[in-house]
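Look at the sequence and the 3D structure shown here. This report walks through some of the contacts inside the chain.

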Amino acid sequence: MAFRVAGLFLKKELVAPATQQLRLFRTSQTARTQFLGNSPNTALDKSILQRYRNLETPANRVQATYLWIDGTGENIRLKDRVLDKVPSSVEDLPDWQYDGSSTYQAQGENSDTTLKPRAIYRDPFKPGKNDVIVLCDTYSADGNPTPSNKRASFQDAVDKIGDQEPWFGIEQEYTLLDVDGRPFGWPENGFPAPQGPYYCGVGADRVYARDLVEAHAVACLYAGIDFAGTNAEVMPAQWEYQVGPSNGMKASDDLWVSRYILQRIAEEYGVVVTFDPKPMEGQWNGAGAHTNFSTKAMRADGGMKAIEAAIEKLSHQHQRHIKAYDPKEGKDNERRLVGRLETSSIDKFSWGVANRAVSVRVPRGVATAGKGYFEDRRPSSNCDPYAVCGALVRTCLLNE
């Protein structure tokens with residue numbers, strides 16, 4: 001019966017006068033235009049590009065998008081090049097230079113800065129089946145890592161830890177905005193209802209831009225990222241996704257590339273992604289990058305002792321970690337870690353089981369099993385994961 005009724009509605013819609021159908025279309029287009037009226041990307045006809053993506057390109061030519069972190073320590077830059085052969089690994093990719101004086105990484109009189117490829121991913125945006133995203137780190141003219149290259153230091157730490165097998169899983173929170181800086185879907189001259197119904201919510205009055213979020217998930221899986229899941233967050237227009245758990249460097253590499261993919265997809269929708277840890281003042285949750293950490297010893301039977309030992313080490317290095325956990329060495333997290341709204345105080349280390357108002361949380365299931373991992377809740381949403389994971393390794397494993 002339900003299918004018959006649906007069929008009747010469909011038949012009625014199909015035979016409706018063309019002017020009525022056009023009016024319905026125009027109404028939805030008008031609403032969208034008004035809502036994102038100041039977003040230039042919404043004015044572009046996205047179908048035009050598809051004409052050129054359908055063109056056949058030489059099988060031996062590969063488009064490679066080189067990504068790197070600029071001098072802010074939180075923003076991504078990119079440029080594309082065409083390769084003459086399909087790379088089988090990152091070792092097949094050439095170094096490249098760029099103007100570091102335009103990315104806050106060099107002075108104009110000596111601005112050539114070097115990109116060294118470190119990880120390779122399938123490209124969900126380019127049309128070629130062999131097109132790739134190339135994640136790079138950056139080096140100054142003297143050959144030393146640029147100040148914003150935290151990957152090099154993390155790699156140095158990873159190389160020293162032997163067979164301890166650190167795993168990282170990172171929970172990336174972010175907020176969607178219109179181009180005027182207003183959270184996506186919020187009333188133009190007011191605020192939505194208080195927090196409560198939005199976390200993991202369902203419904204057009206509670207969740208905004210789910211199609212963008214789901215497109216991001218599919219694109220990350222295609223790229224080869226260890227993508228673990230998504231959910232709507234506590235504040236409306238705020239979302240979270242997770243990468244990992246992955247061994248060593250991969251979770252950090254994956255997080256940077258997944259951020260790039262998210263921002264590229266948002267471009268197409270005309271929406272802005274912000275990783276600011278406190279985009280809205282007042283009684284609205286901030287955004288973090290909770291980092292889950294374990295070692296082989298923590299995951300083994302009786303691993304709770306290793307977890308507690310690591311937490312004890314962290315308790316003596318609180319300020320060092322606060323400086324490592326946002327790109328402004330704690331200034332961004334001052335707005336977020338205020339001891340309420342599911343955060344701890346930035347000034348004091350704390351930990352507990354199943355407690356989301358502490359610096360480090362041990363999940364209930366871990367405490368029950370007596371082994372597993374812990375969650376460091378202090379990293380900000382705009383953190384550099386290389387700095388975060390590197391600090392955890394140096395404190396918990398290298399005893400620095």
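The model is predicted.

**Aromatic pairs**

A pair of aromatic rings is described by the distance of the centres and the angle of the planes. A search of the whole structure turns up 11 aromatic pairs. Take Tyr174 and Phe275, one of them. Their ring centres are 6.5 Å apart and their planes stand at 65°, over the 60 degrees needed, so this pair counts as edge-to-face. The two residues come from distant parts of the chain, 101 residues apart. Tyr174 belongs to strand S6 (residues 167-177). Phe275 sits in the loop between strand S9 (272-274) and strand S10 (289-294). Are these two residues buried or exposed? Tyr174 has a relative accessible area of 1%, so it is buried. Phe275 is buried too, because its value of 10% is under the 20% cut-off.

Now turn to Phe227 and Tyr241. Their ring centres lie 5.6 Å apart, with the planes at 15°. That angle is under 30 degrees, so the pair is stacked. Phe227 is in strand S7 (residues 227-232) and Tyr241 is in strand S8 (residues 238-247), so the pair ties together parts 14 residues apart in sequence. Both residues are buried.

Rings can also join into groups. Phe154, Phe168, Phe293 and Phe374 are linked into a cluster by ring pairs.

**Charges over a ring**

Which residues lie over the face of Trp96? Lys79 does, and Arg81 does as well. The table gives each distance.

| Residue | Ring | Distance from ring centre |
|---|---|---|
| Lys79 | Trp96 | 4.1 Å |
| Arg81 | Trp96 | 4.7 Å |

**A helix pair**

Helix H8 (residues 304-315) packs with helix H11 (residues 385-396). Their axes are 9 Å apart, at an angle of about 105°. This angle falls within 65 to 115 degrees, so H8 and H11 are roughly perpendicular. Ala310, Lys313 and Leu314 make the contact from H8. Leu392, Thr395 and Cys396 make it from H11. By class, the contact has four nonpolar residues, one polar and one charged.

**One glycine**

Where is Gly244? Strand S8 holds it. Gly244 counts as buried because its relative accessibility is 14%. Leaving out residues up to four places away in sequence, Gly244 touches Phe168, Gly169, Asp226 and Ala228. Asn110 is 134 residues from Gly244 along the chain, and their C-alpha atoms are separated by 39 Å.

Technical notes
Residues numbered from 1 in each chain as written. Predicted model: local features only at pLDDT ≥ 70, side-chain atom pairs only at ≥ 80, totals over all residues. Heavy atoms only, no water. Phe/Tyr/Trp six-rings, centres within 6.5 Å; stacked < 30°, edge-to-face > 60°. Helix = DSSP H or I, 4+ residues; strand = E, 2+ residues; numbered from the N terminus. Buried < 20%, exposed > 50% of the residue type's maximum accessible area, 1.4 Å probe, protein only. Lys NZ or Arg CZ within 6 Å of the ring centre and 35° of its normal. Axes fitted to C-alpha atoms, helices over the stretch in contact; angles between N-to-C directions. Parallel < 35°, antiparallel > 145°, perpendicular 65-115°, else oblique. Contact = heavy atoms within 4.5 Å. Nonpolar A, V, L, I, M, F, W, Y, C, P; charged D, E, K, R; others polar.
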